Amino acid sequence: MLSFLLVFSSALIGCNSSSGQDAKETKLEIFSWWTGAGEEAGLNALLDLFKKKYPDIEVENAAVAGGAGTNAKAVLASRMQGNDPPSTFQVHGGAELNDSWVAAGKMEPLNDLYEKEGWNDKFPKELIELVSKDGKIYSVPVNIHRGNVLWYNKKIFDQNGLQPPKTFEEFFKVAEALKAKGITPLALGDKEPWTATHLFETVLLGSLGPEDYKKLWTGELAFDDPKVKGAVETLKKMLSYANKDHSSRNWQDASQLVAKGEAAMNVMGDWAKGYFTNDLKLKVNQDFGWVPTPGTEGSFMVITDTFGLPKGVKNAEDVKKFLSLLGSVEGQDAFNPLKGSIPARTDADSSKYDEYGKQTMQEFKEAKLTPSLAHGSAAPEGFVTKVNQAVNIFVTQQNVDQFIDSLKAASSELKK
Ligand code: GAL
């Protein structure tokens, strides 16, 4: 009797869990870190469009909060390891996609979808390369964010007769002038350490130039090279102009300091523009302005958010419908004007973008493209994690040699 009950109840449990499983697998689960202010508006626009087109497909927005995937990446890793992938997930083109999920054999190639949608000449070649390995294409880019942007409060600059700095020398002059007036020159919010890594990579690019910057990721330029040390000294000096409460703020809080006129400048990717215009209702070129971060004019730090098809998902056809929309002109033009990014496609409708977007589309075509470290393109996740930790220690301890040693030690991850 007891054994009958056990068999019977386990059959019931089995039955429940398998129907639960089916429901989960037929839902289109879209995994990202786009939640809250400055992050979710673009995704919501895309999801609304999808729901209108496919009212019968149940969509679940499975976003995990935390800038730059601070928490989402860990959740994703444990799901992937447990063979429980979301239907599709946000992943940066470059190492973050290729050296982890593709290398581990966890992604389906999408060459057929590219063929069917006629995408091969619609995305820039460099972008397709970033989402490909050994001739197979593994994800669809929804956008291109620019990482090397210095945002500034226009009124502060105008009232003090200052020009936005284009070089480090100009930056420090402007910062001194602002400090003398009692204005915080640089806003930083490194409660999540990636923002300091973000600042650091722009300083590396500005100090080394695009060619040497790229050599860091191939091992052709060592992290204890005097040029890198020089960049770290510059970073240290810049940090001395930051708000004192930087470690208790996230990126939106830091952007807010500039928005409210409590700080003059901030270095952040152009998701900050989405936040300024959509959430804070600021006007482009009136309330805030922008220039490339010091020393980086003519270079474009590329950050591309992409989505792919994990192996083993039951609703692959629904996922492909979502990817088709995400890669379409319509999808990209719904998403990007809200997100602050430019469309990944070259044939999107530029009239849908503001002055910042139009200028950035133009500059993308002309600039030297460089991969972002903080946002996963330049180097494998193991390296990025170690750099985030080292940068975080550097921000508090300011020990240049110790930081260089940590970078050098972490660089063994690059060769794996
Ligand atoms: C980046 C991502 C952007 C934006 C930002 C802040 O890694 O590519 O789309 O979300 O993080 O969270």
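How far apart should the ends of helix 10 be, given 1.5 Å a residue? Its 14 residues, 226-239, should span 20 Å, and the end C-alpha atoms are 20 Å apart, so the two agree. The expected span is 1.5 Å times one less than the number of residues. Helices are DSSP runs of H or I, at least four residues, and strands are runs of E, at least two, numbered from the N terminus.

A word on the model. It is predicted: local features need pLDDT of at least 70, side-chain atom pairs count only at pLDDT 80 or more, and totals for chains, interfaces and linings use all residues. Residues are numbered from 1 along each chain as its sequence is written, and side-chain values use heavy atoms, leaving out hydrogens and water.

Back to helix 10. Its buried residues are Val228, Ala231, Val232, Thr234, Leu235, Met238 and Leu239. They cover an arc of only 160° around the axis, which puts them on the same side of helix 10. That arc is taken from the directions from the helix axis to the C-beta atoms. Buried means under 20% relative accessible area, exposed over 50%, partly exposed in between (1.4 Å probe, protein chains only).

What do they pack against? Helix 8, strand 9, helix 9, helix 16 and helix 17.

Next, lysine 339, in helix 14. It is buried, at 3% relative accessible area. Beyond neighbours within four places in sequence, lysine 339 contacts residues including Trp34, Glu39 and Asp270. Contact means heavy atoms within 4.5 Å.

Last, glutamine 359, in helix 15. It is partly exposed, at 33%.
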